[in-house]
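Here are some notes for a colleague reading this entry. The points below go through it by topic.

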Amino acid sequence: MSPESFKRKLTAILSADVKGYSRLMGEDEAETVKTLTAYRKIMGELIHQHRGRVIDSPGDNILAEFASVVDAVQCSVAAQNEFKARNAELPESRRMEFRIGVNLGDVIEEENRIYGDGVNIAARLEALADPGGICISKTAFDQIESKLPLGYEYLGEQTVKNIAKAVGAYKVLMEPRVVVAGAKDKKPSIPVWRRKGVLAGAVAVLIVIIGLAVWNFHFRALSIEPASKEKMAFPLPDKPSIAVLPFVNMSDDPEQEYFSDGMTEDLITDLSKISGLLVIARNSTFLYKGKPVKIRQVAEELGVRYVLEGSVRRAGDQVRINAQLIDALTGQHLWAERYDGSMKDVFSLQDKINQKIVGALAVKLTAGEKTLVNQKGTNDPAAYEEFMKGREYYLRFTKEDLGKAEACFKRTIELDPNFSRAQAALALLYLEGTNNGMQDAFKLNYEVARLRARLHLMEAMKKPTSIAYQVAGLMDLNLREWDEAISQLQKALALDPNDPACHSAMSWVLSMSGRPAEGMEYAKTGMRLDPLNPARYLGDIGIAHFCMGEWQEAVVAIEKALKLNPELGPPLAVLASAYAHLDRIEEAKASSKAYYKRTVAYRFYLYFWPFKDRRVEDSFVEGLIKAGFGSGTLVSIHVSKEDQITGDDLRALYFPSTLTGFMPGNWSAETTKDGTVTYRGSYVTGGVDTGRAWLEGERLWFQLQKSYHGMAYCVTIFKNPKGTPETRDEYIRFTDLYYQKFSRVR
């Protein structure tokens, strides 16, 4: 083997074989092969589910590798638990018990095979393991000691065949996270005549030992290296700061991952409601999932003082949560607890953890926050579980997963129609799905999906949550209700001051509303809360710079954003326009092409760019045209707040009226004084549709029999200063779908 034909790498190795395999084969060869085939298939599936790969499986042996020791040990535990359950159904003489060894070591890789001492040590550890047990090396133990809620017994330095140095070994106990010293040499037995005299003292000593063990489990300081303030990526804020790491799924079923992830996210969500805390967002903390990271590293990269970690084990209806809060600056545990209960107690278990954190950090909650933190939105565990599944699919944000998220949120609402968070989540799903051109995921067209977003938002606003206000703000912005949009986002942030998505949305709304300097500050706050995902917020900062006429600053921010996330769409359009203003035409045209390619758009809709300041819109359009965006689709639709028709003027315009317009196609609408509407146009099935119209506040509502499956929709109306009756564009109306120009027939 030449040096050029292989490479070295550090990897986690799992080696497993069957204890007494030769005996089993000798007694019943056919049955042994049948059982081994079934067990090997189970092991292969578990290895795949835990992000590993099978290297080899000769005879009764299995060799696999993992990028993470955490994954390797979790896989081993899941496999042994599964085999134990299956063996219980077999006669004792036919039970097939695996021994598993796990090592972290340097290996040589050639043609998808691995060699070297790292592999050999894993095999020797396997031989040290009990039947049905797991033995790991000290190098592996050092990576997972504080990562998994397991017990370990130190077996000492082991001299093993063909390995020059002794190997430190640990037995995995698969239960509470306690490290047990190795067994000592046996002492001489105590004579019978002395036993009574020793008994009282032994009991006292035992009590002390138990007390120390309990203290050690709850309050021990594992060898955690303290974080350095000077090395932190961000200065620590004046208030307590915390990162909640993804809870480890310790269930036998890897499919329960959504449950442990959901528990983590809900803890983050609950803590985010507290204004006296700085809470790092899920998007950043989940980047550490499954990785052997140190508490010091997490604290320094995220700029926080406290880190919460834990695990979730679910077996049927029973739930066990282990959690511990660590002060990263001292490396000490503030507390460590285990919480047991059933699914019907799951909300209470979460509340206990929240209360522990708040108490440990001495955070004072306002009266409103005390109520908010413990609100789950439902008392139905089944509805809550469906909601967690839907949220997990939504976060993956592929077309297939958006469809699955929709199904889960719908089932959630069927189980609990009053679960406002689910209604808001479904509204957000439809809104973001259509914004990204992925309405096919719902087997709906654009119009119906957009109107369903409004429909579910109306239900969500009966018991508004932060997400509901966020969706409302974004939808109001498209209606050119700038002040109302800002107000909705303010309400969202009042309920969840640590939500970076809300800060990003507020940045966008303020930039579009003519207040980009304020918008930039919200984007910066969002990036502080979600420091490992800066692209989104750099894009927001670039848009704010553009709205302030700072072309070069806009280019710098958006170029950084696109390097971090090349899939960003809207900032590309701003980048193209900014390049054009800087006379960097070739780069502007390249950005134009990239925009159309990434957004799969065939035209550019100014409907989605609701600039309140006409000068900003004009400069945006001017740059886009220079960059090669089609000028025919960039006709200005700018309106001013002063041009909005409201109140009695809106009633006088519509009740009664005959209106005519275009897009889509030519159309006319007759509305009587009592609100009966008759629509005529080529886009209406059969050429005619009827329904009703009514006023609610400053908005006009319509509901037709045929169009949009009978769903109601709202519009805002503005005068078009440049419009004329002849060109049928005296007025512009904005809906949740698009805009239309029309005139009144006199």
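1. In this predicted model, a search of the whole structure turns up 31 aromatic pairs. One of them is edge-to-face, because the ring centres of Phe-546 and Phe-620 are 5.8 Å apart and their planes meet at 80°. This pair joins distant parts of the chain: Phe-546 belongs to helix α20 (residues 535-547) and Phe-620 to helix α24 (residues 614-626), 74 residues apart. Phe-546 is buried at a relative accessible area of 3%, and Phe-620 is buried at 0%.

2. Tyr-708 and Tyr-713 also form an edge-to-face pair, with 5.4 Å from centre to centre and 90° between the planes. Tyr-708 has 17% relative accessibility and so falls under the 20% cut-off for buried. Tyr-713, at 6%, is buried as well.

3. Both tyrosines belong to one aromatic cluster, whose members include Tyr-654, Phe-655, Trp-667, Tyr-679 and Phe-702. Tyr-731 and Phe-742 are also among the members. Over the face of Phe-702 lies Arg-733, at 5.3 Å from the ring centre. Arg-692 is placed over the face of Trp-694, at 4.0 Å from the ring centre.

4. Helix α2 (residues 29-49) has 21 residues, which at 1.5 Å a residue should span 30 Å; the C-alpha atoms at its ends are 30 Å apart, so the two values agree. Its buried residues are Thr-32, Thr-35, Leu-36, Tyr-39, Ile-42, Met-43, Leu-46 and Ile-47. They lie on the same side of α2, because the arc they cover around the axis is only 135°. The face turned away from that buried side carries exposed Ala-30, Lys-34, Lys-41 and His-48.

5. What covers the buried residues of α2? The cover includes strands β1 (7-18), β2 (52-56), β3 (62-66) and β4 (98-110), together with helices α1 (21-27) and α3 (69-87). Just after α2, Arg-51 has a positive phi of about 65°.

6. Ser-137 is in strand β6 (residues 134-137) and is buried, at 2% relative accessibility. Leaving aside residues up to four places away in sequence, Ser-137 touches Val-102, Asn-103, Leu-104, Leu-125, Val-167 and Gly-168. A side-chain polar contact of 2.8 Å connects Ser-137 with Thr-139.

7. Glu-309, in strand β13 (residues 306-315), is buried with a relative accessible area of 6%. Its side chain makes a polar contact of 2.7 Å with the side chain of Gln-324.

How values were computed:
Residues are numbered from 1 along each chain as its sequence is written. This is a predicted model: local features need pLDDT of at least 70, side-chain atom pairs count only at pLDDT 80 or more; totals for chains, interfaces and linings use all residues. Side-chain values use heavy atoms; hydrogens and water are left out. Helices (H or I, at least four residues) and strands (E, at least two) are DSSP runs, numbered from the N terminus. The expected span of a helix is 1.5 Å times one less than its number of residues. Buried means under 20% relative accessible area, exposed over 50%, partly exposed in between (1.4 Å probe, protein chains only). The arc is that of the directions from the helix axis to the C-beta atoms. Contact means heavy atoms within 4.5 Å. A polar contact is a pair of N or O atoms within 3.5 Å; within protein, one must be able to donate a hydrogen and the other to accept it, and residues adjacent in sequence count only if both atoms are side-chain atoms. Rings of Phe, Tyr and Trp (its six-membered ring) pair if their centres lie within 6.5 Å; planes under 30 degrees apart count as stacked, over 60 as edge-to-face and the rest as tilted. A charge sits over a ring if NZ of Lys or CZ of Arg is within 6 Å of the ring centre and within 35 degrees of the ring normal.
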